[in-house]
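The stops below concern salt bridges.

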Amino acid sequence: MPDPGTAPDPHGGGEPLVSVDDHLARVLSVVQPLSPLELGLLDAHGCILDEDVVAPGPLPSFDNSAMDGYAVRTADLAQVPAVLPVVGDVLAGPATALRVQPGLCVRIMTGAQMPAGADAVVPFEWTDRGVAHVRIDHAPRPGAHVRRAGEDVAAGEVVLPRGTHLGAVQVGLAAAVGRSRLVVRPRPRVVVVSTGSELVEPGGALDPGRIPDSNSIALTAAAVEAGAQAYRVGIVPDDPAALLDTLEDQLVRADVLVTSGGVSVGTHDVVKEVLSRLGTVQFDRVAMQPGMPQGFGTIGPDSTPVFGLPGNPVSALVSFEVFVRPALRKMLGALPVERPQVQARATEELRGPAGRRAYLRVLLEVRDGAYVVTPVSGAGSHLLAGMSRANALAVLAEGVDRVPAGGTVPVVLLERRGR
Ligand code: AMP
Ligand code: MG
């Protein structure tokens, strides 16, 4: 790989470069949040809420015991040890009509409704666990081990505001306030297609010159990590008719189409050839490294957004990060659409091409309480193993071709998590 800082632009061509910001702005002006949909709680998991969830009643909904023990009147336990007659049992589940009269107590299980008259629960551990009579060794404070109605949520409270990301706790809370369905922004359905006659299904026999299709695997997984519902179509050969057929077939189930490969200036760059004739798709040379050639526009009767990403595996994934992921986040209704960035100190010199924004694959660490980054891959956009060691992308702005060791650089965190 030539020195990226001094090499001539290998893609040549006289067309002006489009800036990353302008290309992203065009993408984000085209894609729109999807229409809201009502889903069951587990289907809504991972989506963005599109309504305010209001608790119809308080949580807990009634005073109940926080322990297995005895419901007592604390006034009866001014002197301990004390022995009290046990006049009944309350279990979790049915409402209780029991009333604790002065000098008496009731055995009670965790979650069971507090009987009227009682003002505290004595845990089993403080007693002899008696059945007809119980000896109580320690006096509880009034209110001890009682969960009060409404202490978590008041009736009428908004427990989950519109815009909430529905993680495990949030869908659980929706269930706890009595909901079974929620209005959410649905996950965008992303269809991923790889183009290239050299591609073989991963695990398949590799005749000379053939390579496994890693892009559609990586891009489908990246779409899932971004919160989408992703479908991997797999490989389409470098044949315009085959690509056109596949795109037409897939349009019905896609909110977004993502292709990889075939967008450069080669003679068999079929994506460029086919998509340029469809809809509003435009192919640009974007001032970035990796990922200079980028196709984007809309096709089909529903103006479905389509991304024509470059074929080199690192270019495809960095392009996904920079353009597709923000688009999917916008469709999901998730804000902010971009990943968090931090400033970090470079442990060694970082280099990028002049006049283009570089995304360097780096390892971000905390040393002595400060962020530091170390490059973990060369600049070549085929170096997928190098990228696999990175947890962040250091961004060298268009006007910056070098950050010295010890210098500060903005870094995009590549948090790897599922939905
Ligand atoms: P292209 O943009 O189609 O010219 O491809 C650029 C480079 O990326 C070539 O070396 C391709 O073999 C490689 N490539 C293209 N598509 C894939 C893919 N789906 N998986 C792995 N490598 C690919
Ligand atoms: Mg190709």
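Predicted model: local features only at pLDDT ≥ 70, side-chain atom pairs only at ≥ 80, totals over all residues.

**Stop 1.** Select D213 and R232. Their side chains form a salt bridge, with 3.3 Å between the closest N and O atoms. Now colour by secondary structure and find where each partner sits. D213 lies in the loop between β15 (211-212) and α4 (215-225), while R232 belongs to strand β16 (residues 229-236). The two are 19 residues apart, and the pair links distant parts of the chain.

Is D213 buried or exposed? D213 counts as buried because its relative accessibility is 1%, and the cut-off for buried is under 20%. R232 has a relative accessibility of 27%, so this residue counts as partly exposed.

**Stop 2.** Select E349 and R351. A salt bridge joins these side chains, at 3.9 Å from N to O. E349 is partly exposed, at 34% relative accessibility. R351 is also partly exposed, with a relative accessible area of 31%.

**Stop 3.** Select E365 and R367. Here the closest N and O atoms of the salt bridge are 3.0 Å apart. R367 has a relative accessible area of 41%, which makes this residue partly exposed. E365 is partly exposed as well, at 28%.

**Stop 4.** Select D21, R357 and E398 together. Which residues does this network contain? D21, R357 and E398 are joined into one network by salt bridges that share partners.

Notes: Residues numbered from 1 in each chain as written. Chains lettered and ligands numbered in written order. Heavy atoms only, no water. Salt bridge = Lys/Arg side-chain N within 4 Å of Asp/Glu carboxyl O. Helix = DSSP H or I, 4+ residues; strand = E, 2+ residues; numbered from the N terminus. Buried < 20%, exposed > 50% of the residue type's maximum accessible area, 1.4 Å probe, protein only.
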